[in-house]
Amino acid sequence: MGGEGFMASGSGGGRGVGKAALGGTFALIHRGHVRLFDEAARLGLPVTVGVTVNPLIRKYHEIPGFEERCERVKSFFSSGYRVPVEVVGLRDHYGPVASDPEYTHLVTSEESLAYSCELSRVRVERGMGGLQILLVDTVRAFDGRPVSTTRILGGEIDLEGRPTCEVRRDYSW
């Protein structure tokens, strides 16, 4: 998967040096999350996955508990990637990346790009250097709209972005 995206310049280290991070709610793991995980693992660095804690989340659907979501991420990473992974709680949009100079890369979606750029600026202000930001293209469902947990839990699409019912584009009955 993956491959789509670009590296925004920062003063972070190169391949094999430093740590990478990404974050999300991860109420379930869908195709969009898999693309983020793939791109993070492709860097060949230790990866930290920040999982939002409930006060940070405001969603339109039920969200499993924090521990369950962390276990889901750990299990997914351990079954498919050969990079060390650490799962941490996110109480804000920055997590440990704002204070740990070992982080060099941030893997992000279009939805979270503004936070990623802000975080890189905060690090520069604190004398840690900017981050290499890897922007991963949004994964789109069959209808061109983003794959999202809200759409999946609403029964509109499955984890891969396929329709959960018969959909016709030809209206000539």
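# A first look at this predicted fold

Arg 151 is buried, with a relative accessible area of 7%; buried means under 20% relative accessible area, exposed over 50%, and partly exposed in between (1.4 Å probe, protein chains only). Keep that residue in mind, as it returns below among the salt bridges. You are looking at a predicted model, in which local features need pLDDT of at least 70 and side-chain atom pairs count only at pLDDT 80 or more, while totals for chains, interfaces and linings use all residues. Residues are numbered from 1 along each chain as its sequence is written, and side-chain values use heavy atoms, with hydrogens and water left out.

**The overall layout**

- The protein chain contains 4 helices and 6 strands; helices (H or I, at least four residues) and strands (E, at least two) are DSSP runs, numbered from the N terminus.
- Of the 173 residues in the protein chain, 43% are buried.
- Among contacts in the protein chain between residues at least 6 apart in sequence, 71% join residues at least 24 apart; contact here means heavy atoms within 4.5 Å.
- The protein chain has an accessible surface of about 9400 Å², and carbon and sulfur atoms account for 51% of it; such areas come from the Shrake-Rupley method with a 1.4 Å probe, and for residues only the protein chains shown count as cover.

**The nonpolar cores**

- In soluble globular proteins, nonpolar side chains tend to be buried together.
- A nonpolar core is a set of buried Ala, Val, Leu, Ile, Met, Phe, Trp, Tyr and Cys residues joined through side-chain atoms within 4.5 Å.
- The largest nonpolar core here has 23 residues, and those with the most contacts inside it are Leu 22, Phe 37, Val 47, Val 49, Val 73, Phe 77 and Val 107.
- Two or more residues of this core come from each of β2, α1, β3 (47–52), α2 and β6 (132–136), and α1 gives the most, with 5 residues.
- Another core lies apart from it, with 8 residues that include Val 97, Ala 98, Tyr 103 and Leu 119.
- Which residues does Val 49 touch, leaving aside its neighbours within four places in sequence? Val 49 is in contact with Leu 22, Phe 26, Phe 37, Val 73, Phe 77, Val 85, Glu 86, Val 87 and Val 88.

**Phe 26 and the aromatic rings**

- Phe 26 sits in the loop between β2 (19–24) and α1 (31–42), and it has a positive phi of about 55° although it is not a glycine.
- With a relative accessibility of 1%, Phe 26 counts as buried.
- A pair of aromatic rings is described by the distance of the centres and the angle of the planes.
- The whole structure holds 5 aromatic pairs; rings of Phe, Tyr and Trp (its six-membered ring) pair if their centres lie within 6.5 Å, with planes under 30 degrees apart counted as stacked, over 60 as edge-to-face and the rest as tilted.
- The ring centres of Phe 26 and Phe 37 are 5.4 Å apart and their planes stand at 40°, so this pair is tilted.
- Phe 26 is in the loop between β2 and α1 while Phe 37 is in helix α1, so the pair ties together parts that are 11 residues apart in sequence.
- Phe 77 and Tyr 81 form another tilted pair, at 4.8 Å centre to centre and 40° between the planes, and both residues are buried.
- Ring pairs link Phe 26, Phe 37, Phe 76, Phe 77 and Tyr 81 into a cluster.

**Charged side chains**

- There are 9 salt bridges, where a salt bridge is a side-chain nitrogen of Lys or Arg within 4 Å of a carboxyl oxygen of Asp or Glu.
- In helix α1, Arg 42 and Glu 39 are 3 residues apart, about one turn of the helix, and they form a salt bridge whose closest N and O atoms are 3.3 Å apart.
- Arg 151 forms a salt bridge with Glu 156 (2.7 Å, N to O), and Glu 156 is partly exposed at 31% relative accessibility.
- Asp 143, Arg 145, Arg 151 and Glu 156 are linked in a network of salt bridges.
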